[in-house]
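Dear colleague,

Please find the structure for your review below. My notes on its domains follow.

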Amino acid sequence: MQEKFSFPRYGKYTELLADLFRNLGADVITPPQITKRTMELGTKYSPSDICYPFKITLGTMIEAVEQGAGLIAIANSDGWCILRCYSVVQEQIMKDLGYKFEMCPINIRKPIKFFRDMKRICPGLSTIKLIKEVIRFFKKVRELDEAEKNINKNAPIKIGIIGEVYVCNENILNMDLVGRLQRMGIFVDRWLCLSTNLSMLLQDMLGMTNITKFGKIAKKYFPQRIGGHANENLIKLISYAEKKYDGVIMLKPFACNPETAIEPIVEKIGRDYNMPILCLSIDEATLETHFQTRIESFVDILKMSKGER
Amino acid sequence: MKFFLGVDIGSVSVKMAVIDENKNLCASVYMDTSGAPIKALQNALREISEQASRQGFVINAVGITGSGRKIAASLIGADLIKNEVTAQTVAALHYAPDVSSIIEIGGQDSKVIFLKNGIPIWYNLNTLCAAGTGSFLSSQANRLKISIDEFGEYASRSTMKVNIAAKCTVFSESDMIHKAAMGCKKEDIINGLCEGLVRNFINNVSKNRLMLSPVIFVGGVAANRGVVHAFERELKQKVRVPKEHKITGCVGAAILVSRENIEKTKFKGFAIADHNIKTEFFICGDCPNQCDVTKIISNDIPAGHIGSRCEKYK
């Protein structure tokens, strides 16, 4: 019998991902919404100092297995941070808790293994079908991302969002930051959406990250590869500054190592370009009031410096 | 003449101020919440109402700020709800038009705002930790069995430098006990705490950014001379404390609302002070968000809800 398959949620792309796997022939359980229970489960069974996405994905996987999933996939391709070890550690934690399932880490950087893993999830999968469905998936993802960028297109205030990929994309974790800003009448660019993320990954695999115009400037500020999306964030930060954005919000989970490490560099770039930057650190203890106050104040400051009051 | 009421409801105190069209302060009140913010809000309102009837003014508009601004707004009615950063900035510019840096330390909040030509360019608030705020100092004062009001005076008598680990409230307690056991004097320990608070602030809140002069220090903690002197030593410059430092937030809210053209105020009147106000808590189970919703009931009539993420309970 074919194993039921599930994966951790990935923001608004979750349903598209579930459809993709379904079309490829997997027996998909759409990962359950992140609720308080998910956060509690994840926090309870994770090492306490580990980054927030680890806890949330663990919580979701536990709930998916409770709903009958026997095979769980988790991405580990961008892993120059501890995302690399998510699958191994989470599998151990869940097996220690007595859950019966199999873990299947997905790594796009290794095409042969990637295809083998996909075949395990979707029995009888052909290469042509995979390519066809993936292209269809990309189109839908792009449509979704374009829609977000069409809101408040001509607004006087423009804010760019950089940070850690999971909290940037999962609205329940980032307390709908983009929506909050858009309702204040602001144009928001969240570069770390899935479509750009995937094209960045491709660029990186081809070793092209640092040859762009902004990439060269970023390299002067920070020459090494550090992991996560830290280098890409610096490049994007510089592009926002050069394109005269009014401000940038950096979102990161508490205890996320690469994004925390580059904070002084981010601050320095903000000073050099005279662009206000707000760093928000998020974890399970973040209060909605605190969050809203910080965003409102930031927007007020941007408006005041534009002379609007 | 029009009169504007500003309300600042924070974690440990409620502040109210009334200003006229020319931004003159007509009435003000500062009240500790002592764990019952709604009671304190009502008491403060009663006090303002007494001052109002003495001086014969009526309120034309209300501006509310502070962490409890939503709950306060649903109770007494507000024409403007503004965050603390903007309110403090506006107030600081009122008291010192040339201000370059604002330090504000309250009960559980500490913030820094940098300005250039009267326009805020950068700000930061404490995150995830309240070490280095008023609550930190008052819990240590408690521990040392002295009143928080005497803190500054004790610190000024210090003769020896004592380093206290002030990164975490609990650990700094153990460090204090350790230092006391080593024979350090109370004065020196208190001064060490003030310096620890300042170190924390410089490191976590202002992130070691250069603070340009003039520096204005407001908020409840600004009353503490020990902390003011510790800031002056650390920043190597004079730190100005306006005499209204405790109420700057609500003055800012009042100024902000005075700039709006409010025709008809949403203020529900001073009678609110005598209403029987109850709150009910429940978890809304209608979607996976599972919001903690607080329902406010004023004289048996629902006045509003707070805590819901969607439009369902407003």
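Into which domains is chain B divided? Chain B consists of domain 1 (1-96 + 247-274), domain 2 (97-241) and domain 3 (276-314), with bounds that come from an automatic or database domain assignment.

The model is predicted: local features need pLDDT of at least 70 and side-chain atom pairs count only at pLDDT 80 or more, whereas totals for chains, interfaces and linings use all residues. Residues are numbered from 1 along each chain as its sequence is written, and chains are lettered from A and ligands numbered from 1 in the order in which they are written.

In chain B, the centres of domain 1 and domain 3, taken over C-alpha atoms, are 24 Å apart. Contact between these domains involves 6 residues of domain 1 of chain B and 6 residues of domain 3 of chain B (C-beta atoms, placed from the backbone, within 7 Å). On the domain 1 side, helix 2 (residues 69-76) of chain B gives the most, with 4 residues (helices are DSSP runs of H or I, at least four residues, numbered from the N terminus). That side has 4 nonpolar, 1 polar and 1 charged residues (Ala, Val, Leu, Ile, Met, Phe, Trp, Tyr, Cys and Pro count as nonpolar, Asp, Glu, Lys and Arg as charged, and the others, Gly among them, as polar).

Chain A comprises domain 1 (4-138) and domain 2 (151-305). Their contact takes 21 residues from domain 1 of chain A and 22 residues from domain 2 of chain A. On the domain 1 side, helix 3 of chain A gives the most, with 4 residues.

Yours sincerely

Key:
Two residues are in contact if their C-beta atoms, placed from the backbone, lie within 7 Å. Helices (H or I, at least four residues) and strands (E, at least two) are DSSP runs, numbered from the N terminus.
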